[in-house]
Amino acid sequence: MPADDTVARCGAVALVGRPNVGKSTLLNHLIGQKISITAPRPQTTRDQILGVWTRGQAQILFLDTPGVHRGYRRLNRHLLRATRAALDGADLGILVVEALLWTAADAEALRWLEQRSIPLLAVVNKVDRVRGKARLLPYLAELGRRAPFLEILPLSARRAQDAERLAGRILPHLPPGPPRFAADTLTDRPLRFLAAEFVREQIFRQLGAEVPYDTAVAIERYTVTEDDRHEIEATIYCRRPGQKAILVGEGGQRLKQIGSRARQAIEELTGSRVWLGLWVKEKEDWDDDRSLLHELGYGD
Ligand SMILES: Nc1nc2c(ncn2[C@@H]2O[C@H](COP(=O)(O)OP(=O)(O)OP(=O)(O)O)[C@@H](O)[C@H]2O)c(=O)[nH]1
C-alpha cells in the first residue's frame, strides 16, 4: 500500500540497532540516494545522518544513529552523544534487528529506545536470508513480547519497495504539520561531510583487519569551480606507520583505488566531475585529540 501523502504530517524518526543490522542500507533505500555509508563490517557509521523522505504533504526526517558504542575515548563519547541527541529529537523510534538473531547488543539498543517514552516500531531486517518463512513466526512472537511495539515489520532493506512500505507504516504515527524541508532536500549534511564518508567507506571495503577502525578522514579543501568541477583534498589519518604503508599500498595502488572509487561515488551524488586528492598522515591519538576531532566533524 503506498504511503498516504495527502495529509500534512512531519516528524523525526530515529533508527536504532546494533552495528551491522542494516540501518544505513535502509536509510539509503528510503531516501533513494546514497547518503549513508554501508559496509559488510560493524560500526562503520560514525555520525548521525539526517535523511529526508518527502512525498506530497508528508515528510519523514530520519536520524541514523551511530549505535551504542562503549568506551572512554573522546570519539566514543561523541558517538554516544550523537545517539542520545537523535533519540531526544525523535517522535518515533525504530528498533532494527536482524531476522532470527537476538544478542546482548540488540537488548541494549532496545533499552536506549525505551529510555524515551516515544512510540516504537520494530523492523526485522534481512528476511531475504531466511529459508522457510514459517521459521520467522516464533521469532516475531518473541520480539513482540520484548516491548510494546506498535508494529513489527519483517523486510529486506535491500529492496526499495520494502523501504517504501515501511515509510507508509511510519506516517500515521507522526504529528500533523507541514514539511520542514524543501521537497528536493535529501539530507542536511554538507557535501564535504558526505565526501569524507565516501572515502571512509572505501577504506572499510578495501582493507581488512583493524586499519579502517583506526582511520579518520578530514576534508582540507572542497571547492566548486566555475565550470562545476568539484575539487576536493582530503587527509586520511591513521595511527601507526605500518597502517600508513597499508593504506598507500604497493606503488600507491591502494590509495589510488580508494580515491577512484570514492570519486565515482561523489560524482554520482553530485552529478558533476570530481577531482579528489588524498594524503595519508600518521597521528597515533587522533581519536583523543580535541581540536583534530573538531576538524573531523566530531566536535563537542
Ligand atoms: N542479505 C541482506 N543483507 C543486508 C540487508 N540489509 C543490509 N545488509 C548488509 O548488511 C551489512 C551491514 O549493513 P549496513 O547498512 O552497513 O549496517 P548498519 O546497521 O548501518 O551498520 P553500522 O554502520 O556499522 O552501524 C552490509 O553488508 C549490507 O549489505 C538485507 O536486507 N539483506
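In the predicted model, arginine 159 is located in the loop that runs between β6 (151-154) and α5. Arginine 159 and histidine 29 are 130 residues apart along the chain, yet their C-alpha atoms are separated by 7.4 Å.

Histidine 29 also takes part in the packing of two helices, being one of the residues of α1 that make the contact with α5. Helix α1 covers residues 23-31 and helix α5 residues 160-170; the two pack at an angle of about 80°, and their axes are 8 Å apart. Because angles of 65 to 115 degrees count as roughly perpendicular, α1 and α5 are roughly perpendicular to each other. On the side of α1, the contact is formed by Leu26, His29 and Leu30, and on the side of α5 by Ala160, Ala163 and Ala167. Sorted by class, the residues of this contact comprise five nonpolar and one polar, with no charged residues.

A separation of 10.0 Å is found between the C-alpha atoms of arginine 55 and alanine 167, which are 112 residues apart along the chain. Arginine 55 has 18 other C-beta atoms within 10 Å and is accordingly partly exposed.

Two further arginines were examined. Arginine 18 sits in the loop between β1 (9-16) and α1. It has 24 C-beta neighbours inside 10 Å and so counts as buried, the threshold being 20 or more. Arginine 111, by contrast, is part of helix α3 (residues 104-114) and counts as exposed, because 11 C-beta neighbours lie inside 10 Å. Arginine 111 and aspartate 91 lie 20 residues apart in sequence, and their C-alpha atoms are 17 Å apart in space.

The largest nonpolar core contains 69 residues, of which Val13, Leu15, Phe62, Leu63, Leu95 and Val199 touch the most other members. Residues of this core come from both domain 1 (9-173) and domain 2 (191-295), so the core lies between the two domains. When residues up to four places away in sequence are left out, the contacts of leucine 15 are Lys23, Leu26, Leu27, Phe62, Leu63, Asp64, Thr65, Ile94 and Val96. Leu26, listed among these contacts of leucine 15, is also one of the α1 residues that touch α5. Phe62 and Leu63, likewise in contact with leucine 15, are among the core residues that touch the most other members.

Backbone geometry was considered next. Most residues other than glycine have a negative phi. Lysine 126 is not a glycine, but its phi is positive, at about 65°. This residue is placed in the loop between β5 (120-125) and α4 (136-146). Lysine 126 is buried, since 20 other C-beta atoms lie within 10 Å and 20 or more is the criterion. Aspartate 228, also a residue other than glycine, has a positive phi near 60°. Its position is in the loop between β7 (216-224) and β8 (229-238). Aspartate 228 has 10 C-beta neighbours inside 10 Å and therefore counts as exposed.

For the protein as a whole, nine helices and nine strands are assigned. Of its 300 residues, 40% count as buried. Among contacts with a separation of 6 or more, 70% are between residues 24 or more positions apart.

Technical notes
Residues are numbered from 1 along each chain as its sequence is written. This is a predicted model: local features need pLDDT of at least 70, side-chain atom pairs count only at pLDDT 80 or more; totals for chains, interfaces and linings use all residues. Axes are lines fitted to C-alpha atoms, for helices over the stretch in contact, and angles run from 0 to 180 degrees between N-to-C directions. Helices (H or I, at least four residues) and strands (E, at least two) are DSSP runs, numbered from the N terminus. Angles under 35 degrees count as roughly parallel, over 145 as roughly antiparallel, 65 to 115 as roughly perpendicular and the rest as oblique. Two residues are in contact if their C-beta atoms, placed from the backbone, lie within 7 Å. Ala, Val, Leu, Ile, Met, Phe, Trp, Tyr, Cys and Pro count as nonpolar, Asp, Glu, Lys and Arg as charged, and the others, Gly among them, as polar. A nonpolar core is a set of buried Ala, Val, Leu, Ile, Met, Phe, Trp, Tyr and Cys residues joined through C-beta atoms within 7 Å. A residue is buried if 20 or more other C-beta atoms lie within 10 Å of its own, exposed if 12 or fewer, and partly exposed in between; C-beta atoms are placed from the backbone. Domain bounds come from an automatic or database domain assignment.
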